Structure formats: structure tokens, C-alpha cells
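Here is a short report on one structure. Have the sequence and the 3D view ready as you read.

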Amino acid sequence: MDITTFKSRRFWVPGLLLLASAALATLPLWVGSYWVVRLTAILMYILLTVSWALFSGPSGYMSLATAAFYGVGIYTSAILLPSTGALLPLPLVIVIAGLASFSLGLLVGALTLRLRGIYFAVFTFGLVLLIQRFLVWWEMTVTHTRGRIIIVVDDTIIYYVMLGIFVVALLTAYFIRRSRSGLALQSIGENEEAAAHMGVNVTLVKVITFAITAVFMGAAGAIMAPKLIYIDPYIAFNPLISFIPVLMAIFGGLGQFYGPIIGAAIFAYLQEELQASRFADYYMLIFGGILVVAIAFMPNGLVGLIQRLVQKWRKGGSAEQHANT
Amino acid sequence: MPILEGEGVTKYFGGLAAVLNVDFHVNQGEIVGLIGPNGSGKTTLFNLISAALATTEGVIRYKGKKITGLRPHQICRLGLARTFQSVKVFANMPVLQNVLLGSLFGTPINMSSANAAKEAEELLEFVGLSAVRATPAGDLTLANQKRLEVARALATKPELLLLDELMAGLNPAEVAQAMELVSRIRDKGITIFMIEHVMKAIMNVCDRIMVLHHGEKIAEGTPQEIASSRTVIEVYLGE
Amino acid sequence: METILDVVVAGLLLGGIFALIAVGLSLQYGVARVLNIAHGEFIMLGALVTWTLYTTLDINPLICLVIVGPATFIIGFLLHRTLFTWLRISAPSPAVFEGNSILAAFGLLFLIQGIAFKIWTADVHGYTYLAFPVNVGTVTFPANRLVTLGFAVGISLVFYLFLARTRLGKAIRAAAQDPETAGLMGVNINRVLALCFGFGALMAGSAGVLLSMCYSLWTTMGLQYTVIAIIVVVLGGLGSIVGSFIGGFILGIIGSIVSYFDPGLSMAAYYLIFIVLLLVRPTGILGK
């Protein structure tokens with residue numbers, strides 16, 4: 001995964017983001033609930049993808065734990081917001097979900113981020129399955145429950161909360177990326193040994209950044225939970241949720257900040273369209289095919305591809321390739 | 001008190017001793033050379049000092065304080081920096097960013113981004129890379145990449161700099177420039193411990209030279225002593 | 001009342017499958033340098049194809065081994081020869097190749113599951129074959145389990161001999177150590193790596209056939225086996241095929257012991273071992 005590093009001095013990106021968010025905030029006033037629900041899902045995928053890319057993009061450590069953090073969020077909601085009556089106010093539940101995911105992120109990170117990237121990837125790969133199985137066992141043997149019914153929350157409220165998480169997540173990602181921590185993370189991805197020798201506490205940077213990304217994934221899960229109505233370990237911990245942000249980020253391109261955003265927006269929209277159409281069954285098949293094609297021919301994603309094409313067009317045919325392959 | 005010293009430093013890889021019972025010291029202000037045939041353990045010794053590897057046995061002290069057991073970033077912050085034999089620049093990052101990383105993280109002082117950037121620019125000028133500050137480091141020539149590594153290491157404000165084969169792969173003109181750079185670094189008051197194969201450079205620049213062979217120290221002395229040492233000549237000619 | 005012998009033998013039976021799938025993955029990762037996280041999907045395919053062949057065409061599952069094995073081999077070989085070889089050639093560095101190949105395997109996972117879903121839907125399938133009990137000394141086991149163990153060990157052994165004794169096997173081992181030098185020595189690297197990948201797929205497919213005789217089948221069953229295979233490969237040592245073989249049996253026995261106390265905790269037990277391994281000795285038992 002190649003990364004261009006020319007830090008653009010675009011201070012208007014957060015401004016643009018806030019502007020777009022303000023516009024999105026007014027959305028429920030003039031579209032039907034169908035679109036509100038769809039947009040909630042799209043916002044969620046974008047924030048999951050950006051969160052994933054925040055850590056895994058520059059560092060080169062591919063995390064497949066997204067579904068684990070997301071599931072923790074769902075379960076936090078399921079436990080604290082049962083249909084019998086909310087035990088805590090919704091905003092607090094979201095925060096707790098974020099903290100729970102953060103803790104899990106710290107634990108997983110501390111255990112595995114000291115090792116080579118491949119160990120981290122395979123550990124996170126199985127993590128979702130592990131938690132799923134463990135919870136099933138726990139619920140059967142210890143609590144003797146099976147599944148929980150969650151409280152009902154209005155779609156518009158879900159939308160606003162998701163929008164809020166979205167804004168915070170994207171702003172955080174943007175500022176971290178441009179900060180010295182972002183530089184440190186990138187240097188770790190480029191050459192971890194050299195970074196360590198230049199004074200970067202590589203383990204700390206990796207673990208903290210990883211845990212931060214977990215917060216948003218957990219929060220997103222917590223607010224999506226009410227839409228699921230019935231929650232059990234199989235529903236909450238779905239490995240697909242780990243794979244999809246990766247696909248979206250790769251497709252969009254990891255070189256620029258907006259790459260994952262574009263990839264996620266396009267894909268999330270496509271996914272919704274696909275699910276609604278008669279091709280719903282072909283969803284995994286199509287996505288898989290696209291990912292394979294993207295990896296083979298667009299390793300720098302859509303954004304990278306467009307960049308190359310623009311460069312070619314500008315130079316009138318002689319493409320000078322810098323850091324992009 | 002020497003700025004760097006090691007006692008009985010040993011490193012085993014499985015059953016093979018890459019470094020065996022080496023005692024060494026570097027005094028403040030010196031330029032000490034470390035030579036030996038390929039595979040004699042020179043880079044391994046550097047790796048042990050900078051904590052890229054853990055010692056099997058032995059103690060290493062920096063300014064009197066034991067550093068064996070610390071982690072690389074901690075050692076860097078104490079004032080010990082290094083370059084690498086196989087150049088480890090951050091290839092996809094611009095040259096300036098490479099050095100900036102050292103300025104921001106290499107010292108216990110918390111610098112503002114502006115000051116760090118200014119310092120990084122000054123260092124680029126010191127090594128002569130100002131013109132390519134925005135170029136991705138991977139696009140530089142080997143000689144320039146080596147200079148970048150030096151600038152990056154210097155950004156961490158070291159008192160002791162470990163240079164690992166700075167001149168390897170350079171043509172004679174570049175070697176002369178590198179030698180001159182080493183002198184200028186010493187003029188800044190930084191102690192230098194350098195591994196080198198290019199004999200001309202070592203003999204001219206170093207105050208003292210250590211010779212390793214099969215992981216053991218076989219000779220130590222001034223360049224003249226080393227150049228005329230029977231043991232050393234045999235070791236090199238026997239190759 | 002289950003005795004220790006029961007548990008141990010059950011562990012061996014489980015271990016046989018684990019060993020087979022782990023050896024397959026080890027081949028793909030250790031030699032072809034592709035961490036094939038779609039490995040489990042080949043297992044799933046082998047299993048469900050056998051189900052279809054047996055339930056609709058009445059083809060004996062053991063005969064299916066001879067059909068499915070080569071079929072998955074060819075699929076794996078072609079996949080590597082096209083997709084992964086392309087990735088290997090176009091990647092600027094081995095690290096990038098590793099990352100890209102994992103992602104490509106991702107895509108394959110989706111693709112294969114998607115295809116499987118279209119064919120076999122989300123239903124759970126299964127069939128019975130050789131389910132009659134067999135006495136081995138004092139313990140009793142279903143015949144299909146014993147047959148599974150026999151074939152799993154058999155396939156692994158045949159492959160080991162192939163690696164150790166034949167010219168092609170030597171070429172493979174050379175390629176595993178140092179692809180570039182092996183290439184310079186006249187080994188057709190592209191073909192050898194693709195062969196290894198194909199063999200790995202063959203083992204997965206075969207494991208699927210064997211599994212289908214004993215367990216229920218569904219289109220998402222592959223993932224858990226991939227996870228187990230990875231744990232075994234790490235346990236045995238990344239890069240050691242013999243290690244994966246032994247590791248499979250170790251994990252199988254551990255799984256059997258844990259299942260004796262509580263079947264729901266076996267995955268947790270595997271992961272616990274995984275964690276301990278990563279903390280204490282990431283290179284595994286026989287790894288470098």
C-alpha cells in the first residue's frame with residue numbers, strides 16, 4: 001500500500017466538512033424517512049472506512065478488527081438500552097460504547113502491535129469470530145439469555161447521532177493525519193525500525209492510534225443497534241463489517257485523506273442500490289470481484305488512478321510517476 | 001569518563017557468536033573507526049548499542065548510565081543517534097519530513113512545529129540537501145539518501161553519532177564530500193563512532209580505530225598503529 | 001463416561017483435519033508467500049460440491065476426493081498463475097506484495113462466498129455417509145471420522161514424501177528458501193509457486209470433502225477453518241510445513257480436551273493459545 005505524502009495545505013477541508021455536515025443536518029426537513037435511513041447507513045460506512053484508514057493506511061498494519069469494535073458498540077447498546085426501558089440516556093450509552101471499544105482496542109493493540117504486521121492482521125482476523133463464540137457460550141452458560149431486544153429509537157434521532165459521530169470521526173482523522181502523530185504513524189509504516197531510532201515510541205503511537213479508531217467504530221455500532229431490534233452474538237459480530245471498510249478504503253485509495261471517503265460513499269451507495277434491486281444476491285460476488293480488480297489494477301485506488309490520469313493528461317502523454325507505482 | 005563504553009558485549013544468534021566479548025570505549029570529541037572484514041560483527045555491534053538487538057551478555061553504558069535493556073527510542077532521546085548500512089529513509093515522504101521527524105521526536109524537548117521545521121531546514125542546508133526538500137526521499141540518489149540519514153540523525157540532537165558505512169557505494173568525489181561532512185559534524189562537537197570499509201576515509205579522519213574479526217576485537221589503536229599491525233594485515237589479506 | 005482415550009482419539013480425529021488444512025495454508029504462505037485468507041472458502045467449496053455430488057448424483061464421497069482434489073488444485077494453480085503472479089511482479093516490494101495478496105485473497109473470499117451463496121443459499125446442508133460405529137480397541141467412533149483421519153494423514157504424508165524425495169519437491173523447497181536464487185538456478189519460479197498454491201488449495205478442497213462426511217455444511221463455514229489454520233500455522237511455526245502438521249494434531253487434542261468440559265469454549269481455547277504464542281514465542285514450535 002503506497003502512500004503519497006505531500007501534505008496539502010488545504011485548511012479548507014475541515015471547513016468544507018463542517019459546511020457539508022451543516023447541510024446534511026438539515027436533510028430530514030426536506031426528504032422522506034427512506035432517504036434519512038439510507039444516508040445514515042452511508043454516513044456510517046464512510047466513518048468506519050475513514051477510521052479504519054486512519055490507522056491501517058499509513059502504518060501498514062491491516063486491522064480486521066472493525067467488526068469487533070462495532071459489535072462491542074452494538075452490545076453495549078443492547079445491554080444498556082433494553083426494550084424494557086433504557087438504563088441510561090442514549091448519549092451516555094454512545095460514550096460508554098466508545099470507551100468500551102477503546103479499551104478493547106488498547107488490549108488488542110498492546111498484545112499484538114509489538115509484533116510483525118502479519119501477526120496483527122491474522123489476530124484481528126479471527127477476533128470477531130472469537131468474541132462471537134465466546135459470547136454465545138457466555139449467554140448460554142452464564143447468563144442463560146439468548147438474544148436481547150433493544151429499545152426503539154426514532155430514525156431521525158439515529159441519523160443525527162450518526163451525523164455527529166461522523167463529524168467527530170472525520171475531523172479527528174483529519175487532524176491526526178496532519179499532526180506530528182500522523183507523521184509518526186506514517187514513518188512507522190515507511191520504516192518502523194528507523195522511526196524507533198529517531199525517537200518515536202512506535203508501540204505507543206500504534207496502540208493509541210488504533211484504540212482511537214476503535215472509539216468511532218464502537219459508537220457507530222451503538223447507534224445502529226436500535227435498527228437491528230433483535231440482537232444476538234451472531235448478528236452483532238459479523239465479520240463482513242471488518243472486510244467492507246477495507247474494500248472501500250482500498251477502492252477509494254489510501255493516498256489522500258478523501259480517498260477512503262469517496263470509496264466509501266460510492267460503495268455504500270452501490271450497496272444500498274444493490275440490496276434493493278433484484279441483484280441483491282450478487283452483492284458479495286460483485287464486491288469481491290471489484291476488490292480483486294482494484295487490487296490488481298488500481299493499487300492506489302480510484303483516487304490514485306485519477307491522479308495518474310490527470311498527470312498523464314497534464315504532461316500530454318508522458319506520465320512521470322512519483323511515489324505512486 | 002568515556003561517552004560510550006561496552007564491557008564483554010556478546011551476541012549469539014542460535015549457536016553462532018556474531019559479537020563475542022567485546023570491550024570498547026569512545027571518548028567525547030573523538031572520531032573512532034570500526035573496521036573489519038565482512039561479517040565480522042560491526043553492524044551487529046552497532047545494533048546492540050542502539051538497541052535494535054538485545055545483547056546476550058555484557059553491558060553498554062552511555063555517559064556512565066547503563067543503556068542495555070532500553071528501547072531504541074529511549075536511547076535516541078538520551079543523545080545517541082545512528083545511520084544505517086542499508087539506507088532506511090522514509091521513501092515516500094518528502095526529504096524535509098524525514099528530518100522533521102527527528103526534530104519532533106528525537107529529543108525530550110517538545111518543540112513547536114514551526115521551530116522544528118526551521119531546524120529541519122537548517123539541517124538540510126548543513127548537509128546540502130535544501131534544493132530537494134520536497135522530493136520524496138526514495139527518489140534521491142544513494143549519496144543524497146545517505147546525507148538525508150545523517151541530517152535526520154542530527155535532528156535528534158545527538159552527542160554521539162553512529163555512522164554505519166556512510167561511504168559504501170559512493171564514488172571518490174562523493175567519498176570526499178562525505179569525509180568533509182564528517183569533519184564538520186565533529187566540529188559541531190558531536191562524537192563519532194563510524195563503521196567503514198573505505199580505508200582512505202578511516203585512516204584520514206579517525207583518531208582511533210578498532211578492528212573486529214569474527215565478532216572479536218583483535219586490535220585497537222591509532223591509524224598508524226593499525227596500518228602497520230601484522231594481525232590486521234593478515235586478517236585483511238587472508239580474505 | 002468418556003475416558004482419556006476417548007478424548008485423545010477424538011483429538012486425533014479433529015487434529016487430522018486441522019493438520020491437513022494447516023499444511024495447505026503453510027504451503028501457500030510459506031512458499032508462495034500468499035496468506036490466503038480465502039483458504040477456508042476452498043474447504044467450503046470442497047464440502048458443498050461433495051454434498052451436491054452425493055445427494056444428486058449419488059457419487060461416493062471418497063470418489064469425490066478424486067474429483068474435488070484435482071479440481072481445487074487446478075483452480076488454485078490458475079488463480080496463482082494469473083492473479084497472484086501478476087501481483088508479485090507488479091509489487092514494488094515483498095512487503096507490498098504480502099499486503100496486496102492478502103487483500104486479493106479478501107476479494108476472493110467475497111467472490112467465492114458470493115458464488116456459493118447463489119448456488120447453495122443460506123441453508124444448512126448435510127448428509128450421512130459411513131456413519132456406523134467402529135470399535136478401535138476400547139473406544140468407539142463413527143467410521144467416517146476414522147476414514148477422515150486416515151485420508152488426512154495419508155494426503156499429508158504423500159505430500160511430505162513428494163517434497164522430500166522428488167525433484168519437483170526439491171525445487172519447491174528451494175523456492176521456499178530463496179525464490180530469486182532458485183530462479184537463477186533454473187527453477188521456473190512462476191510455475192513452482194503456482195503449483196504450491198495449487199497443492200494448498202487441493203488440501204483445502206480435500207479437507208472439505210472429508211469434513212462433509214462428518215459435519216453440517218453451510219456457505220459461511222469456511223472462516224472458522226481459516227482462523228484455525230492460521231493459528232495452527234503460527235503454532236507450528238511460520239514457514240515450517242512439518243510444524244503445521246504437528247501443530248494441527250496438538251490443537252486438535254487441545255480442542256478435544258476443552259470440548260470435553262465445554263464444547264462452546266473450543267474457539268476461545270484456540271485463541272488463548274494463539275495469544276500466549278504471540279506473547280511468548282511468535283516463531284512457534286518449529287519456526288525460525
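## A loop residue in chain B

B:Lys157 sits in the loop of chain B between α5 (142-155) and β7 (160-164). Helices (H or I, at least four residues) and strands (E, at least two) are DSSP runs, numbered from the N terminus. B:Lys157 is not a glycine, yet its phi is positive, about 50°. Most residues other than glycine have a negative phi.

B:Lys157 counts as partly exposed because 19 other C-beta atoms lie within 10 Å. The cut-offs are 20 or more for buried, 12 or fewer for exposed, and partly exposed in between, with C-beta atoms placed from the backbone.

## A loop residue in chain A

A:His144 also has a positive phi, near 55°. It lies in the loop between α5 (117-141) and β1 (148-149) of chain A. A:His144 is exposed, because it has 7 C-beta neighbours inside 10 Å.

## Where chains A and C touch

The contact (C-beta atoms, placed from the backbone, within 7 Å) takes 38 residues from chain A and 39 residues from chain C. On the chain A side, α5(A) gives the most, with 15 residues.

## Confidence and numbering

This is a predicted model: local features need pLDDT of at least 70, side-chain atom pairs need 80 or more, and totals for chains, interfaces and linings use all residues. Residues are numbered from 1 along each chain as its sequence is written, while chains are lettered from A and ligands numbered from 1 in the order written.

The model scores ipTM 0.92 and pTM 0.89. Chain C averages a pLDDT (the predictor's confidence in each residue, from 0 to 100) of 87.

How values were computed: Two residues are in contact if their C-beta atoms, placed from the backbone, lie within 7 Å.
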